[in-house]
Amino acid sequence: MSSRNFENELGNDILIDVSDMDGGVLIVMEGPDSSATNCVTEREAEMLREALNDWASNRSKALGNKIREVLKR
């Protein structure tokens with residue numbers, strides 16, 4: 001099991017839990033006003049991880065480009 005507790009950009013406390021379940025992975029996200037529970041296969045969990053990693057990588061690249069533009073000025 002893997003858990004993360006953190007404060008999001010809106011100042012809300014968020015809990016994310018990821019754990020094994022029979023035949024797959026259980027993903028639970030809870031905040032003060034909402035919650036989401038997903039039961040996915042192991043392959044689906046891997047694809048979700050890859051998609052999130054791609055998103056984070058692209059976001060980091062875009063931020064790096066903006067910083068380089070500012071430094072050129």
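Author: The second largest pocket holds about 170 Å³ of space. Here a pocket is an open set of points on a 1 Å grid over the protein atoms alone, where a 1.4 Å probe fits, with protein on both sides within 12 Å along at least five of seven lines; lining residues have an atom within 4 Å of a point. Points are joined across faces, edges and corners, and the volume is the space filled by probe spheres set on them. The model is predicted: local features need pLDDT of at least 70, side-chain atom pairs count only at pLDDT 80 or more, and totals for chains, interfaces and linings use all residues. Residues are numbered from 1 along each chain as its sequence is written, and side-chain values use heavy atoms, leaving out hydrogens and water.

The second largest pocket is lined by 13 residues, and those closest to its centre are Asn8, Ile14, Glu30, Gly31 and Ser34. By class, the lining has 6 nonpolar, 5 polar and 2 charged residues (Ala, Val, Leu, Ile, Met, Phe, Trp, Tyr, Cys and Pro count as nonpolar, Asp, Glu, Lys and Arg as charged, the others, Gly among them, as polar). At least two lining residues come from each of β2, β3 and β4; strands are DSSP runs of E, at least two residues long, numbered from the N terminus.

Strands β3 (residues 24-30) and β4 (residues 35-40) run antiparallel and are joined by 6 bridges, where pairing requires at least two bridges found by DSSP. A hairpin of 4 residues connects β3 to β4. Glu30, one of the residues closest to the pocket centre, stands opposite Ser35 in β4.
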